[in-house]
Amino acid sequence: MLFNRRRLLLTLLDTLGQKVSGTDFQKLLFLYTMEHEETPSYEFVPYHFGAFSFTSYADKRKMIEAGLLVNDDKNWKLTEAGQAEARHKPVDQKAVTEFCTQHSALHGDELIAEVYRRYPYYATRSEIVDRVLTDPAVREQVDAARPAHLDPSLLTIGYEGKTLERYLNQLLKASVTLLCDVRRNPLSRKYGFSKGSLSKACEGVGIRYEHLPELGIASSERGKLETQADYEALFERYEQACLPQQAAALQKIRNWIEHEGHRVALTCYEEKPSMCHRQRVSNAIERLDSSSLAQHL
């Protein structure tokens, strides 16, 4: 059974009626989800060539494994089975058809430029913005959409309930330059948040990734946590028994902020800082430097 978002990919490809380059398809998928869906099927980040969805490429790999798409790194193309599946139960065929008709003449740089004009934030990390945008007024809009360069600081963020793209956009809009993963074992069943994929995604949007497993809490200690009181007791033990032994790791984070000028975000799973040990880590770093004040994204 296909997720609705994957069915959208099939419907859009089938309606376009031909193989589509990866860059063109990302831009068309972006425009469709932004302008024709109340709740976008995919979220995007500003990337090398503009709006990009990591999740759509993960879905592409799944559908290649299922025999619905051709295994082609440069293009998106349906197999016969994929075409049959798309036509069996299309997603809002009327809206997709109208969209494809409206945008059928746009390709390559022209399509990219149109996306940049409508959504300048997604051009802020583009490597080709000078080539595709010749209008100074539009370039000014892109410059205005860039997140401000803010002072070095310490922040925290959890990925609970977030897509990879939403999480990365939070980091970018907060001007984070270094993400410090404080999980003991940085593995996740949630797409994009295991160490390998998260570090690669951060690198792609210009954020340095560091992992300090010594600041994590063993999963065996989290197994029976049910109430806020349980969490508080665990974090109190962690703060009193574990953190004093991690002076080198805490000083390393402080050096990233004070000497390298980074805006550092500590990350773990839980959305609420009060339910996560990263708050105790940030408190310990603040005690090293009483002038700093951690923020929680």
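Which handedness does the crossing of H2 and H6 have? The crossing is left-handed, meaning that the near helix is turned anticlockwise from the far one by less than a right angle. The model is predicted; local features need pLDDT of at least 70, side-chain atom pairs count only at pLDDT 80 or more, and totals for chains, interfaces and linings use all residues. Residues are numbered from 1 along each chain as its sequence is written, and side-chain values use heavy atoms, with hydrogens and water left out.

Helix H2 spans residues 22–36 and helix H6 residues 108–118. Helices are DSSP runs (H or I, at least four residues), numbered from the N terminus. The axes of H2 and H6 come within 10 Å and cross at roughly 35°. Axes are lines fitted to C-alpha atoms over the stretch in contact, with angles from 0 to 180 degrees between N-to-C directions. On the H2 side, the contact (heavy atoms within 4.5 Å) is made by Thr23, Asp24, Lys27, Leu28, Phe30, Leu31 and Glu35. H6 contributes Gly108, Leu111, Ile112, Val115 and Arg118. By class, six of these residues are nonpolar, two polar and four charged. Here Ala, Val, Leu, Ile, Met, Phe, Trp, Tyr, Cys and Pro count as nonpolar, Asp, Glu, Lys and Arg as charged, and the others, Gly among them, as polar.

The whole structure holds 15 aromatic pairs. Rings of Phe, Tyr and Trp (its six-membered ring) pair if their centres lie within 6.5 Å; planes under 30 degrees apart count as stacked, over 60 as edge-to-face and the rest as tilted. Phe30 of H2 pairs with Tyr119, which lies in the loop between H6 and H7, 89 residues away. Their ring centres are 5.1 Å apart and the planes stand at 85°, so the pair is edge-to-face. Both Phe30 and Tyr119 are buried (under 20% relative accessible area, 1.4 Å probe, protein chains only). Phe52 and Phe54 also pair edge-to-face, at 5.1 Å centre to centre and 90° between the planes. Phe52 and Phe54 are buried. One aromatic cluster is formed by Phe25, Tyr47, Phe52, Phe54, Tyr57 and Trp76.

Ser126 sits in the loop between H6 and helix H7 (129–132). Its relative accessibility is 12%, so Ser126 counts as buried. Beyond four places in sequence, Ser126 touches Tyr47, His48, Phe49, Gly50 and Tyr116. The side chains of Ser126 and Tyr116 make a polar contact of 2.7 Å (N or O atoms within 3.5 Å, one able to donate a hydrogen and the other to accept it; residues adjacent in sequence count only if both atoms are side-chain atoms). A polar atom of the Ser126 side chain also lies 3.1 Å from the backbone nitrogen of Ile128.

Definitions and conventions
Helices (H or I, at least four residues) and strands (E, at least two) are DSSP runs, numbered from the N terminus. Buried means under 20% relative accessible area, exposed over 50%, partly exposed in between (1.4 Å probe, protein chains only).
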